[in-house]
Every structure is written in C-alpha cells, then in structure tokens.
Amino acid sequence: MGIRFILMVNKQGQTRLAQYYEWLTLEERRALEGEIVRKCLARNEQQCSFVEHRNYKIVYRRYASLFFLVGVDNDENELAILEFIHLLVETMDRHFGNVCELDIMFHLEKAHFMLEEMVMNGSIVETSKANILSPIQLMDKAS
Amino acid sequence: MIRAIRACKTAAEERAVVRKECGAIRASINEDDLDYRHRNLAKLMFIQMLGYPTHFGQMECLKLIASTGFPEKRIGYLGLMLLLDERQEVLMLVTNSLKQDLNHSNQYIVGLALCALGNICSAEMARDLAPEVERLLQFRDPNIRKKAALCSIRIIKKVPDLAENFINCAASLLKEKHHGVLITGVQLCADLCKFSSEALEYFRKKCTEGLVRTLRDIVNSPYSPEYDISGITDPYLHIRLLKLLRILGQGDADASDRMTDILAQVATKTESNKNAGNAILYECVETIMSIEDYGGLRVLAINILGKFLSNRDNNIRYVALNMLMRATTLDAQTVQRHRATILDCVKDSDASIRKRALELLYLLVNENNVKPLIKELIEYLEVSDQEFKGDLTAKICSLVEKFSSEKIWYIDQMLKVLSEAGNFVKDEVWHALIVVISNASDLHGYTVRALYRAFLTSTEQETLVRVAVWCIGEYGDMLVNNVGMLDIEDPLTVTECDAVDAVEVAIKRHTSDLTTKAMALIALLKLSSRFPFYSERIKGIIVQNKGNLVLELQQRSIEFNRILQKHQKIRSALVERIPVLDEATFSGRRAGSLPTAISTSSGAPSNLPNGIAKPATAPIPDLLDLSSDDVPAPSSSGGDFPQDLLGVDLSPTPAPSGAGKPPNASTDVLLDLLSIGTSLPVQTGLSASDILSSSQDDKAPFANFNGLASLSSLSANATSPANAAPMMDLSDGHGSGPQKPEENGQAYPSLVAYESSSLRVMFNFSKQPGSPQTTLIQATFTNLSSNVYNDFLFQTAVPKFLQLHLDPASSNTLPASGDGSITQNLKVTNSQHGKVCLLSLINVYVMNSESEILARESFIIYVFYFQKSLVMRVRIAYKTNNKDVLEERQINNFPQNL
C-alpha cells in the first residue's frame, strides 16, 4: 500500500490534519498519534528524519511550527516520501501563499482535497502542482 | 468554532466546547437545515480529528453525497472518506450513489466518486462496481484514468480474483504519456504482479521493453517545469518504474538482462547532491540488488551505498545502512569493506541510525572479525546512553555466545558486559554464563577472582552481583587459595573474611532484589562449610534475615540456620559443589522449552519452600516413593521430552563413589529436573535412587526427609498407601526372594485407574512375549458427565526405574455421557523387574526457583526391597464448557509383578 497515514501536527503536539489509509478505531488513532508525536518531537534537527515505530516507518519533516508525519510500509523509499512531503508543502504554498498552521486549520477541507488529489488509497496519484490544484481552483471559482 | 477550540487552555475546556458544538450540529441535523449541512460536516471532521466520536454525522454524509450540487457532493465525499470506513454497514447505502456518480456526465464528480471508492471500497462494493471502474480506465480524461487505476488497485486487493480483468487495461496504461496516468498505471501493474503470477508473466514478456523505454525517456527528458523537482523530472515516476522493474526482474534472468543498461545509466547519471536524486539512486540500488545480475552492476550499487554511507546527511546514511543490510545476504564480502564506517554509525548520536547500524553489524560479524568488533562494542557500551544499552548488550551477548571459540574469552567478555551493563542482561544470558563457568573447570579459580574484582569495583549491576555471588559461593575456596592461577592474572590476596564480606555486601544492598538476596544466602551457606572458621559470623548474617518480610528469604534463613546449628555432620555434603551443568541440555531447554508446561494451578502445595523439617519415625517407605515418584515429568504424546527425562539409565549401578560424589547420570537427571522446575515457583527436586552394595544404616538424615515428603505435591497420595505398600513388598521379598521373570502372555486384570464424577480411566494390561519387563497398557477414557470434553490431553509421569512410551491418543475430543471413548496406548518398561535391591543411595537435590541447587543430600537406605511395582502419575487436561479442567492422580494400585 505504501503510505498508511499522513499527519500534520504542530509543535505542541496537537493534530492539525489526519488522514488514514488503513482503518483504525478512534482510540487507536489517538494512541498512535500520541506515541508518534512524542517520539518525533523529541528528536533534534541533526537526527535523521526516519523513525521506526511498531512495524512501519515514519518519515517526518518540520516546516516552521508544523510537523508533517507520514507513516509508510517498511519497503517504501524513505527519501522519496521525504520529497513528497516537500511537494505537498509546496503545493499548499502555491494555493494558500506561504502556508501556515492557521491556513490548514481554517481550510481543513481544502487541505484534504489537495491531499486527496495527491494520494489515494496510500499511493501517489499526481505530482504536478497544476494538476492537483485545478479542481480546487475550479471549485473556488464556482462558489 | 475552531477559534473557540483553539482558545481552550485545558482538555476539559476543549471537551466542553466540543460537546456544545456537537449538540448544535445534532440540532441542526434534526432541523434538516440545508444551508448549514456542509458547514456542519466540516466541523465534524475537525472534531473527529481531535479524537471525538462523530458517528451521528454519518447519515449527513450520505445525504450530501446524494445531493446534486458539486460543493455539497465534494464535502460529502470527503466526510465519507474521513468519518466512515469499510466496516460500517452504512456504507452499503452509498453503493448506489457511487454507481450513479461513476456514470455522471461531469468528470469531476466521476473523479470524486472514484476517489472515494478507492479509499473506502469494501469487498462487496468492489464486486458491484468493478465493471464501472474498468470502463473508466479508458475514459478520455487522463485525470479520471489515473484515479480509476488506483481504484482498481483497491479492488484487486479486496477481491483478488478480479485481477485478470484488469491486466489488459493496465498494460495499455503503461503506454500513456501523462505522468499521473503513468505513475498510477505502473503501480497498478506492480500490484497486479503481486496478486497474480499470470499477470507477472504477461508483463514480463510484453512490457519490460516498454518500461525500459519509458524510463529512458524520462531520464533523458528535457526540463519540464510541471514535474521538475530540483532538476530531475518527476522522481516519483522514476521510483515507481524502478520498483516495477524490480518486480519483473526478480527471478528472471532474461528480463533482468534487458534492464541492465538503463539501470547502469540511472545509477551513473543521476546527480547525488539533492535529495530527489538520492531517492532515485537508492531505489535503483535496491532494484540492482534484487534482479538477477552478478556482474559489475552490483559492485556499482555497493559503491553507491558506500558513498551514501560517508555522506554527512543522516537521512542518506540511514537508508544506506538499511540497504546494506539487504546486501549482506548477497555479497557479504563487499559489505565488509565498510565495516569501520558502520561501526562509527553504531556510535552515532541518532537512535534510528544506531539501531540500523547495530543490526547490520550484527550480520557482519564472523569468526574472523568477532574479537576486535566485540572489543569495540564493549568499549562503546561504557559511554552509550541508557536506552541503547539494552539493545547493545543483547546483541553483544548473542554474538559472544555465537562465536565463542575459547571459554576464557567468552567469560572475559561476558564479565565486561556484566560490569558495564549488567542490569540490561537477560536472565537466560547469565544462566548460560553460569553453565559455561561450571563447565570450565580449569577456569573456576580465574573466573571467581575476576568476578570478585569486578564486584568490588561495581556493585550497581544486578546480574554481575548474582553471578559473582554464585561463584564465590561455589568456588570460594579457590578465591582465597589462588587455585588455578593463570599467567595473565595479577596476583590477588583475598582472605576468607573478604569473601564473606563481599557476599554480605550483596545481601545487604538495598537495591538487591529477591533473587540476588536468595543467591547470597545460599552462597553464605556454602561458604560456611568452605570456611569453617567464619561459620559463626555467617550464621550471624543468616540469622539477621530471619525476620525478613519476604517469606522466601525468611524461610530459607531459618532453614539454613538449622542446618548450621544442628546438622554439622551433613553440612559439607549438603553444600558440595554442584555437579557440572550440562550445556547441551541447557541449550536444548532454552531452545525448545517444555512441550507441556506444568501449570502452577495444579493445586498441589508444591510451592512450599523446600526444607528440612520435623523428625518422623518410619519414613523409609515415603523415601522410596519420594525418590522415584516425585519427579513429575510432564509428558504428552508427541513430545519427546519424557524420553529425555526417562532416558537416563538408572538401572542399578554399583556406585563405589560413596556419598560424596554424585553419579554421573545424575547431572542429566538434575538438569531435566531443572527444566521441570522452571514452571514451578519453588521445587523440591529429587534425583533417583542408586544402588549400593552395602552400608551402614544412618538414622539421622531420615528426619529431614519427612519434611520433603510432606511438601511434595504427592503428599496426600503418597503417605498413606505408601506406608503400607512397601511393607508388603518387603514381606513379599522376604518370602519369595527374587522373582523369576513372568511367564509370557499372562493375563492381568484390568484396572480402573482413575474414577471421578466426570471421568473414568480404565487400564488394560498385556505383556509382549519375550520382554517380561515391558507392559503394554491400553488406557480407555470414558466421559461420565453430560458435556463434551475438548482438547483432551492425557499426560503421565513415571518414576525413574520405569521407562514410558506414549502413543498418540485416538482422538482429543471425548463425547458426553459415556457415548464413546478415547484410547491411548502406553508402553512401560520396568527396569527393576525382578531385581533385588538391597540398599539404595538416594541423592536429594534441593533447588530454588532459579534452578540453582541449594543443597544436595545423599542418603543410604538400608532396606530389603525386591521387585518394584508400577506407579504412575497421571494428569488429564481437557476443556469443557470452555473451561480448562485439570485432574491429577497417582496410580499405585497396579497389579503386582508387572
């Protein structure tokens, strides 16, 4: 499957966006988020961006106060996922214009739409920013 | 609302706000407020993200999906994907809406439906909607095709037998130009290959060329701003293509051959100064490793990894270590070249890298490099941080064990580990160390001195203290007298007093746990005999523990005190050095453990501490029973453990060794006993009887025995019948003398071996012609209750003089109310059949829960005892009404002369 979940968490450990591609109960999700966030936030800049957790890996990247955490299968290319996180951020940047935590909070549904265009069922669908954003812009225009 | 939640400072405030909001949303849902519907849902998504239940919003999603407007549908589908999952029944209701939307004229709506289907589709939906998706794979708009491709992945994952419908479509997707379609098409192909070997073959033949061409085009493509990432065109597509090539090339030389050129090109041409380039290189290396190629490509790949490894970026180093681990299985030699770098990575400050590097290094260690590597690792152990020590010690210990060529090296390294990180050493590791020490008889002196030295410098490490205390107890005299001095040792002067001091420190340490303290107590007891001069002082220390709050220690110290006071005569024999522990058995036990663990819930009072207790008058019969019967060998049909246990030949041996040294056989017995012991909290282990020619009666020790007898789990069964039975035997023996072997084929009456309100066990006996010692027993089990018994398991244990072979049972389910039965055959060989036993030497081992032998006593029993009759302990376990039932019984009313 590749990507199991994508989380955006702020520096205080509050979840700002969560998208799971495998089914977990609400309790499991909360527990998982807690564990991962604790693990990742404790690491410093110099350490590598990969953490092994249970039976999968977490690739994370920090942008200002926001952490992007992606849980992937063990055989996934970590460097590619790292690059993917960057692409995600760039895409959001292009849409929101220098994206910040608040943008994601108040436009949660848009962030989700973008993610939906990029990842489906744990696999990457589209990597061209223009293609990702076109349906969203279309909808913005319509409303 | 989001602002309100953000303003909350505490979790309680947040909960209150969420509750209020949920209330408002519910009310709004009830009013069927169309304008606010999608806003409500957006709020719900936020609430759900915070981890609150939102099931009441599910129906709202469905309504939104069924509505006509695009924005409503959009948010409805989003809610569907976030709030629902494939396991909920509500989902079934969506199938219809989805089907409609898949056929919708607006391509965006089709895209939405596909996306939702791809994320949450269940097996039923997959079957229902597969034709639509298949059709959409050929849709004119590429955005729909790509989504349909991913949707197909989900469908074939849910329903693998639909896979073949998609093979052709997938192959056509590979010819696309649009990157999105291409990347999803490649993924679809990769997944198809996983599910169907037919697809794999098809793609291998038809598509390898095409894929290679596509990859070449992308590698050489000019700058295209849309897909460019740091100078490389669409690295994701690169990676996906390489992945698919890997699947195709694996195990197929022909396909591999066709892709070598392009792989070489990717490996050499890709720039490695940016993350994206490295990601491609990394994937490329992995593909090279997996495909069938032994030539220069692999060398190239490992060189790339070497470059990665020396990179300053931790991410790159991490993936390099990861990859090298896979490479070791293919080409360990080349990887060895990077050993030094890997070793540096073990010492890295980053936990992820350390963990990877350690695992890799673990694979790289071999006979030739083990010594320097272990030296490095142990040195690093001193400075590593706490959470890493556990992993590190486990790995070091396992390596040291695996590659120990010399015992002295093993012991040395283990001592270093113990003194550095003893608290992280697992129990079985230091148990193994003790076994090794016990086996290395020429190193006893050296070891105990080294341990003593280590103990003086660090008393913080629990396991070091344990091993040191054990060795001082066992080999205390060697410590003091400098026995077995090796050239490499510094001379060390230890007085008897110092040795006792050391153990005293161990027992008085606040941090010592129960095991350590108990071991220290035993060591003291042993020292009291080794250093008679300090006997009084030791007694003092032991007495201090008489008031210990822990029952175990209290009881032990009282017992030991008694030994010191009243049983001076037997003390030295009691605290003999324990016989050399058998390594093979130990490792076997570690590997296989018991076929059937004895559960502690047997109800037997076996957890009473072993001990020496009140005197009694005529314990001889008990003793005999004890010596043999008290070995509860767990046996189950199929497990060869009983054979192991009974395999020790205890046929009468003239043991000239006297009371001092145990016969060789008893080592085995002992360890087998130990293995039984592990599942009991505290056990009284007894080794079997050996026969001596003649000796004096010694009344004193008998007193001690009764205690054991009463502690033993058999006590209830053993005492009363046993008192009478051997007396009969005795008179029998007097009367008839040694009996001739029985006539063959004699008929024996069958026996109701066991009967309770719920179960009856019948034994039928027969003898094989020509082997009077062997009795065939057919056990028939009948269920007397009205419930069916499942998982029926019959286990039996016999004394040492018997050998038992259990055939598998006819069934493991026993029907109710006597309606059918299970039969099981047993073969019992009585080694004492028709033998004359005049006198027995009985060795009694007293052990603690750590399987350490606290004491051994040898008793000589003066008895006229002729043929031994069969005795057997049976244990029946079964399940009825989902409850586990366990019944145990000793059977000693076997017919005579069996």
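**View 1. Chain A and its secondary structure.** Chain A has five helices and seven strands, where helices are DSSP runs of H or I with at least four residues, strands are runs of E with at least two, and both are numbered from the N terminus. Read from the N terminus, the elements go β-β-α-β-β-β-α-α-α-β-β-α. This is a predicted model, so bear in mind that local features need pLDDT of at least 70 and side-chain atom pairs count only at pLDDT 80 or more, while totals for chains, interfaces and linings use all residues. Residues are numbered from 1 along each chain as its sequence is written, and chains are lettered from A and ligands numbered from 1 in the order in which they are written. Of the 143 residues in chain A, 50% count as buried (20 or more other C-beta atoms within 10 Å of the residue's own; exposed is 12 or fewer, partly exposed is in between, and the C-beta atoms are placed from the backbone). As for contacts (C-beta atoms, placed from the backbone, within 7 Å), take those in chain A between residues at least 6 apart in sequence: 45% of them join residues at least 24 apart.

**View 2. The five-stranded sheet of chain A.** The strands line up as S2-S1-S5-S4-S3 in an open sheet of chain A, with antiparallel pairing (two strands pair if DSSP finds at least two bridges between them). S2 (15–20) and S3 sit at the edges of this chain A sheet, each pairing on one side only. From one strand to the next, the twist averages 20°; angles here run from 0 to 180 degrees between N-to-C directions, with axes fitted as lines to C-alpha atoms, for helices over the stretch in contact. Helix H2 (residues 78–96) of chain A lies across S3, S4 and S5 of chain A, at about 40° to S4(A).

**View 3. A hairpin, and the strand beyond it.** Strand S3 (residues 50–53) and strand S4 (residues 56–63) of chain A are antiparallel partners over four bridges. Two residues lie between the strands of this hairpin, and A:Arg54 takes a positive phi near 45°. Follow A:Ile58 across the strands: A:Ile58 in S4(A) is the bridge partner of A:Val51, and A:Ile58 also has a bridge partner in S5(A), namely A:Gly71. S4(A) and strand S5 (residues 66–72) of chain A are joined by seven bridges and run antiparallel.

**View 4. Where the two chains meet.** On the chain B side, 51 residues are in contact with 42 residues of chain A. The chain B side splits into 26 nonpolar, 13 polar and 12 charged residues, counting Ala, Val, Leu, Ile, Met, Phe, Trp, Tyr, Cys and Pro as nonpolar, Asp, Glu, Lys and Arg as charged, and the others, Gly among them, as polar.

**View 5. Two helix pairs in chain B.** Helix H6 (residues 90–102) and helix H8 (residues 123–136) of chain B have axes that come within 11 Å and cross at roughly 5°. That makes H6(B) and H8(B) roughly parallel (under 35 degrees; over 145 is roughly antiparallel, 65 to 115 roughly perpendicular, and the rest oblique). H6(B) brings B:Thr95, B:Leu98, B:Lys99 and B:Leu102 to the contact, and H8(B) brings B:Met125, B:Asp128, B:Leu129, B:Glu132 and B:Leu136. Sorted by type, the residues of the contact of H6(B) with H8(B) are five nonpolar, one polar and three charged. In the other pair, helix H28 (residues 514–530) and helix H30 (residues 551–566) of chain B pack at about 0°, with their axes 10 Å apart. H28(B) and H30(B) are therefore roughly parallel too. Among the residues that meet are B:Leu521 and B:Leu525 in H28(B) and B:Phe560 and B:Ile563 in H30(B). The contact of H28(B) with H30(B) divides into eight nonpolar, two polar and three charged residues.

**View 6. The buried face of H19 in chain B.** In helix H19 (residues 339–346) of chain B, the buried residues are B:Ile342, B:Cys345 and B:Val346. Seen down the axis of H19(B), they fall within an arc of 105°, so they line one face of the helix; the arc is that of the directions from the helix axis to the C-beta atoms. Their cover includes helix H17 (314–330), helix H20 (351–364) and helix H21 (370–383) of chain B.

**View 7. An exposed loop residue.** B:Asp161 is in the loop between helix H9 (142–158) and helix H10 (163–173) of chain B. B:Asp161 counts as exposed, with 10 C-beta neighbours inside 10 Å.

Terms used:
Two residues are in contact if their C-beta atoms, placed from the backbone, lie within 7 Å.
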